[in-house]
Amino acid sequence: MSSFGIKHALCIDNRLVERIIGYSLDVTKDKCQRLECGCVASVDIGAYNSCLNGCLYCYANYSKEIVERNRKNHNQLSPLLIGEVSKNYVVKDRKTESSKIMQQSLFR
């Protein structure tokens, strides 16, 4: 696409995140993506059919009806993106570590 003036970009762009937060990150390429993908490993915190923007190209929304139903079920006080925590839910802790390189600030 470079012949059309479209530059290579990353959905999960470590260089952009580093510029925003002001620190270098110790991250690796997402091994679950195709070889050409430059995105770094990440944890998705979203939910399908939950965005109200309505972008036609979006992979995350595949049903306008479900998006509307989820919008109606949204509770700003709930810890969940959509709905409420019920007795049927299983909540598990996930061990994570910071990728922030503490000794190296990009903006001194």
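**Buried positions and their surroundings**

A: Glutamate 18 is buried, at a relative accessible area of 14%; buried stands for under 20% relative accessible area, exposed for over 50%, and partly exposed for values in between, with a 1.4 Å probe and protein chains only. This residue, glutamate 18, belongs to helix H1, which covers residues 14-21. Helices (H or I, at least four residues) and strands (E, at least two) are DSSP runs numbered from the N terminus. The model is predicted, so local features need pLDDT of at least 70 and side-chain atom pairs count only at pLDDT 80 or more, while totals for chains, interfaces and linings use all residues. Residues are numbered from 1 along each chain as its sequence is written, and side-chain values use heavy atoms, with hydrogens and water left out.

From glutamate 18 to glutamate 84, 66 residues apart along the chain, the C-alpha separation is 34 Å. The chain as a whole has 2 helices and 2 strands, in the sequence order α-β-α-β. Its radius of gyration is 18 Å, well over the 13 Å that the globule rule gives for 108 residues, so the chain is more spread out than a compact globule; the radius is taken over C-alpha atoms, and the rule is 2.2 Å times the number of residues to the power 0.38. Along the principal axes, the C-alpha atoms fill a box of roughly 45 × 40 × 25 Å. Of the 108 residues in the chain, 18% are buried.

Asparagine 70 sits in H2 (residues 64-73) and is buried, its relative accessible area being 12%. Leaving aside residues up to four places away in sequence, asparagine 70 touches Tyr48, Asn49 and Ile82, where contact means heavy atoms within 4.5 Å. Valine 67 is likewise placed in helix H2, and its relative accessible area of 13% makes valine 67 buried. With the same exclusion of residues up to four places away, valine 67 touches Asn49, Cys51, Leu52 and Asn61.

The loop between strand S1 (23-25) and H2 holds asparagine 49, which is buried, with a relative accessible area of 2%. The phi angle of asparagine 49 is near 55°, a positive value in a residue other than glycine. Most residues other than glycine have a negative phi.

The cysteines may be considered next. With a disulfide taken as a pair of cysteine sulfur atoms within 2.5 Å, the count comes to 0. Cysteine 32 is in no disulfide, and the nearest cysteine sulfur, that of cysteine 37, is 11 Å away. Cysteine 39 is also in no disulfide; its nearest cysteine sulfur, again that of cysteine 37, is 3.6 Å away. Cysteine 32 is exposed, with a relative accessible area of 72%, whereas cysteine 39 is buried, with a relative accessible area of 7%.

Finally, returning to the whole chain, contacts between residues at least 6 apart in sequence include 46% that join residues at least 24 apart.
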